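Welcome! Here is a short briefing on how side chains meet in one protein model. Have a look at the picture first, and then we will go through the contacts together.

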Amino acid sequence: MAASCELLDVDPLELQFPFVLDKQISCPLRLTNRTYRTIAFKVKTTSPRKYCVRPNNGVVPPRSSCTVVVTMQAQKAVPPDLQCKDKFLVQSVVVSDGLSAKDITSQMFMKEGGNVIEEVKLKVAYVMPPEPQQEIAEEHDGVERILVPMQRIVDNGRSTSELSSGSASLRSAEEVGSPVGRIVKSEEFLKAAGPALETKTYAGPAEQSHQLSAIIAKLTEEKNSALEQNRKLRDELERVRREASKQKGSFSLVLLAATGVLCVILGYLVKT
C-alpha cells in the first residue's frame, strides 16, 4: 500500500522484515515524484543503530522514482510475539532544479525556516520467514505420498556438472517460474534432468507399486531379523540365569556338608 502525497508517493507504508536470527535483512522503499519539480528527501528512524538506510537522503527528479534500501542489522534475540515498535519518517521538500544529493543540508528540512515539509510515517513489522521445502512430494495412487529429497537424487545419480553437460540441463524451480518448495509434478521437467534423474523417478503406477513393495519387503526382513536377534538375546540371558542358580545351589550343599562334618569332629573332640 502506497501513500499518495503532493510531493512524493511512498511505497510501502509498512516495512516488513522476515525475521531471522544472526542475519541482515533488507526491505526496499520506493519514492515516486509525480510533480514537475525536483524533490529532496530524507529518511529518519527511531532506531538508527538498528537499521542502515541507503541512501538516507537524496533528490528525485521530476516525474521519476528512486529506491531506498532499508537494512536491519543481524539480531541476536527474538522479540516477544515478533512485535516491533520501530518507526520511520520520510521527509520531502521542493528544491531548485539541478540540486544534487551532496547539496542537501539538514536546514532544508526544518519547518522553522519557512520550508513546506511533507512527512510520511512508516511502521515496521516482523513476519515469519517462509519455511524451506527441500523435498519433492510424489503421489502414489492418490493415497500415499513418497518424499524424495532433491539432494539424494543428485548424489545417487551423476554429478551436477555431468547433468549440465548432457543433452538437456536441469533448471532450478525459480528458472521455470516455480517458487522454492513447490511440489514438482511436471514429467517433462523431471525428464529434462537426463537419464541420471530419470532412474530416480517413477515412470508409472506399476513401477511405483513394485518399488514400494520392494521397500516394504526389505523393511519387513530387517524387522524380523531384529526380532530374531532379540529372541536369541533373551534365551542367552535366561540360560545364564539358570547356570548361576545351579552354581549357587551346589555351593549351598557343599557348605552344609562341610558344616556337618565340622560339627561331628568338634563333638568327638569334646567327648574325648
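Let's start with Lys 111, which counts as exposed because its relative accessibility is 51%; buried means under 20% relative accessible area, exposed over 50% and partly exposed in between, with a 1.4 Å probe and protein chains only. You are looking at a predicted model, in which local features need pLDDT of at least 70 and side-chain atom pairs count only at pLDDT 80 or more, while totals for chains, interfaces and linings use all residues. Residues are numbered from 1 along each chain as its sequence is written, and side-chain values use heavy atoms, with hydrogens and water left out.

**Salt bridges**

- Lys 111 has a partner: Glu 119 forms a salt bridge with Lys 111, with the closest N and O atoms 3.8 Å apart. The term stands for a side-chain nitrogen of Lys or Arg within 4 Å of a carboxyl oxygen of Asp or Glu.
- Glu 119 is partly exposed, at a relative accessible area of 34%.
- How many salt bridges does this rule give? The count comes to eight.
- One of them joins Lys 76 and Asp 22, at 3.3 Å from N to O. This pair links distant parts of the chain: Lys 76 is in the loop between S7 and S8, Asp 22 is in the loop between S2 and S3, and they are 54 residues apart. (Strands are DSSP runs of E with at least two residues, helices are runs of H or I with at least four, and both are numbered from the N terminus.)
- Lys 76 is exposed at 69% relative accessibility, and Asp 22 is exposed at 51%.
- Glu 236 and Arg 239 also form a salt bridge, their closest N and O atoms being 2.3 Å apart. These two residues are separated by about one helical turn because they are three residues apart in helix H5.
- Glu 236 is partly exposed at 39%, and Arg 239 is partly exposed at 34%.
- A network of salt bridges links Glu 228, Arg 231 and Asp 235.

**Aromatic rings**

- Three aromatic pairs turn up in a search of the whole structure. Rings of Phe, Tyr and Trp (its six-membered ring) pair if their centres lie within 6.5 Å; planes under 30 degrees apart count as stacked, over 60 as edge-to-face and the rest as tilted.
- Phe 17 and Tyr 51 make a tilted pair, 5.8 Å centre to centre with 40° between the planes. Phe 17 lies in strand S2 (residues 14-18) and Tyr 51 in strand S5 (residues 51-54), 34 residues apart.
- Phe 19 is in the loop between S2 and strand S3 (25-33), and Tyr 126 is in strand S9 (residues 118-127), 107 residues apart.
- Phe 19 and Tyr 126 are both buried.
- Phe 17, Tyr 51 and Phe 88 form one aromatic cluster.

**A polar contact**

- The backbone oxygen of Gln 73 lies 2.8 Å from a polar atom of the Gln 75 side chain.
- Gln 75 sits in the loop between strand S7 (64-72) and strand S8 (87-95), and counts as buried at 18% relative accessibility.

Technical notes: A polar contact is a pair of N or O atoms within 3.5 Å; within protein, one must be able to donate a hydrogen and the other to accept it, and residues adjacent in sequence count only if both atoms are side-chain atoms.
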